[in-house]
Amino acid sequence: MDVTDVASARQRPVGLVELARIPLRRWRIVLASAALVLTAVLGYLFVLPATYTATTAVVVRPVVTDPFSVPSGGADRAVNMTAESGIATSNDVIDDVARITGRDTEEVADALEVETPVGGQVMRFSYAGHSEREAVDGANGAAESYLDLRKGMYENQRAAVLKSYDDTIDLVTAQRTTTQRSLPANQNSTNPSPRTSALLDQLRALNDQLATLAEQRSKVASADLSPGSVTSAARTPVPSSRDAAPLILVAGLLGGLLLGGLVAFVRESLDRRVRTAAEAASTVGAPLLGTVRRRRGGQPDDSDLRYLVLALGRWVDGPQRTPLVVLSSAADEGREQVTAGLAAVLAAAGHEVRLGVTPESLDRIRPLMLDAQRRNPPVEPARTRVPRPRPVPATTPAPAATAGPDDTAVIPAVRKPRPFPAPAEAKNGAVYRSTTTAEDKTQVIPTARPVAAEGAATDGQELRIGAGRVRLVDLEAASSAEGLTVLDAPPALHDERGVRAARDGRAVLVAAQDRTRTGQLTQLVDRLRAVGVEPFGFVLTGDGRD
């Protein structure tokens with residue numbers, strides 16, 4: 001896989017199935033968000049007091065002089081609903097509602113809501129109270145207070161206009177009285193004087209003015225000051241905040257799941273990890289050698305390790321001097337378990353394995369190897385069976401006697417075949433010694449080897465596993481010409497010893513599913529290629545099932 005293939009693999013589109021897997025992988029976040037939202041909804045429904053909302057509808061009427069006349073489109077017959085809404089929420093109305101309900105004026109201002117539909121003359125007073133009676137009294141009290149306030153304002157305006165008319169009428173009446181007194185007592189009705197004619201004309205004008213003022217005053221006095229009427233008074237039962245509790249719970253659950261999904265996507269975008277083998281392959285740019293699952297005890301699965309050894313057949317059957325370096329970007333990705341399991345499987349197959357470890361990881365590798373030795377006890381080498389000599393048949397003719405120099409019959413000696421090999425003959429690392437018993441048994445005496453005791457912390461500890469051996473050596477020690485060398489490198493992002501050893505061997509990367517960060521794995525691959533090391537392949541670890 002070249003760089004172009006890797007870049008194209010990294011830019012592959014993401015399908016809906018992969019998007020659906022993100023909330024499923026982070027199901028804890030989704031459930032936690034849903035539980036948090038449901039807790040808030042339950043607290044709103046059952047912990048906080050219920051809110052009862054009552055509504056009263058009022059029809060607003062304009063002030064007219066003739067309530068039975070047909071309304072025209074004049075400006076005097078229009079109602080400014082914006083101004084009426086301001087009157088309905090004024091301090092006078094709020095004070096009256098607070099007096100009726102017994103609540104604070106600030107609470108009443110928050111609980112009272114006035115709606116004025118566009119293009120109509122209907123106002124709706126909605127009041128939210130802690131009980132049904134409070135809600136009904138608050139809504140009806142607000143409507144009545146508004147109507148009373150509006151009627152009082154119109155009455156005050158009419159009283160002021162009537163007073164103005166009365167003052168004008170009194171003034172004109174006084175002028176007419178003065179004019180009447182100015183007329184001469186003995187006036188000639190047929191031929192009045194010019195002064196008399198002027199006074200008479202002034203008197204007629206004052207009478208006409210008084211008639212007009214009286215007519216206007218009568219219209220103002222007869223004006224209908226009714227501000228409107230209540231068409232739909234609030235009454236019990238009224239809706240409350242708990243009426244739609246099931247619907248609110250369902251909405252809270254769906255909202256919590258949606259919120260949890262959004263949080264999961266945000267966490268996924270901020271914390272990119274290796275999720276699938278294809279994603280790891282596109283990041284590493286090397287083939288997948290195998291997937292090693294972990295059992296409940298934390299040990300890698302033996303069958304997965306055996307398949308991994310089969311995938312490493314080119315290295316096993318090739319030159320054995322080339323070490324196999326197992327690398328990882330972090331310490332919690334299962335690298336040590338894979339290395340120890342790989343060495344144990346190779347030893348069980350009969351190989352001589354040199355396992356290079358660092359001093360700080362020796363205490364973690366040794367228990368794994370001892371557990372592998374317990375599960376795969378040492379196997380003795382195959383014993384060589386020597387066939388027993390066959391007895392000489394009775395029908396075999398005896399050798400003929402020959403004449404000696406003194407004419408004495410000489411019978412040639414018959415050499416009895418030896419039933420066993422040489423007294424000390426080494427085969428397969430064991431010494432075979434013959435016995436002289438009649439049962440013809442073979443005693444096997446193993447060759448003594450200086451093997452360190454189990455649990456010793458000395459360098460060069462040798463453990464027999466199956467038909468082979470694993471020798472624990474230091475990571476910096478040179479690889480042996482015999483056997484296979486497996487090196488357990490420390491976390492490569494913070495320690496360069498493993499990368500240095502990988503330049504003379506084959507590098508195998510270990511990535512943990514849902515744990516290895518994509519950025520760290522990319523950085524490790526870039527560092528390996530920068531020093532001239534091309535990864536041989538990678539191993540994906542993850543939790544499995546028993």
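Student: What makes residues 400–458 a stretch to treat with care?

Tutor: This is a predicted model, and pLDDT is the predictor's confidence in each residue, from 0 to 100. Over residues 400–458 it stays under 50. The model still has 72 contacts beyond four places in sequence for that stretch. Residues 1–11 also stay under 50, with nine such contacts. For the chain, the mean pLDDT is 78, and 76% of the residues reach 70 or more.

Student: Okay, on to strand S6 (324–327). How do you know that both of its faces are covered?

Tutor: Buried means under 20% relative accessible area. Leu324 and Val326 on one side are buried, and so are Val325 and Leu327 on the other, so by that cut-off S6 is covered on both faces.

Student: Why is S6 said to pair with S15 and with S16?

Tutor: Two strands pair if there are at least two bridges between them. S6 and S15 (residues 484–488) have three, in the parallel sense, with Val325 partnered by Leu487. S6 and S16 (residues 506–512) run parallel too, joined by four bridges, and Leu327 has Leu509 as its partner there. Both counts reach the cut-off, so both are pairs.

Student: What makes the lining of the second largest cavity nonpolar?

Tutor: Its lining is Leu308, Leu312, Leu324, Val326, Val338, Leu342, Val508 and Val539. Leu and Val count as nonpolar, so the tally is eight nonpolar, no polar and no charged residues. S6 and helix H13 (335–348) each give two or more residues to that lining. The cavity holds about 30 Å³ of space.

Terms used
Residues numbered from 1 in each chain as written. Predicted model: local features only at pLDDT ≥ 70, side-chain atom pairs only at ≥ 80, totals over all residues. Heavy atoms only, no water. Contact = heavy atoms within 4.5 Å. 1 Å grid on protein atoms, 1.4 Å probe; cavity = no way out; pocket = protein on both sides within 12 Å on 5 of 7 lines; lining within 4 Å. Points joined across faces, edges and corners; volume = space filled by probe spheres on them. Buried < 20%, exposed > 50% of the residue type's maximum accessible area, 1.4 Å probe, protein only.
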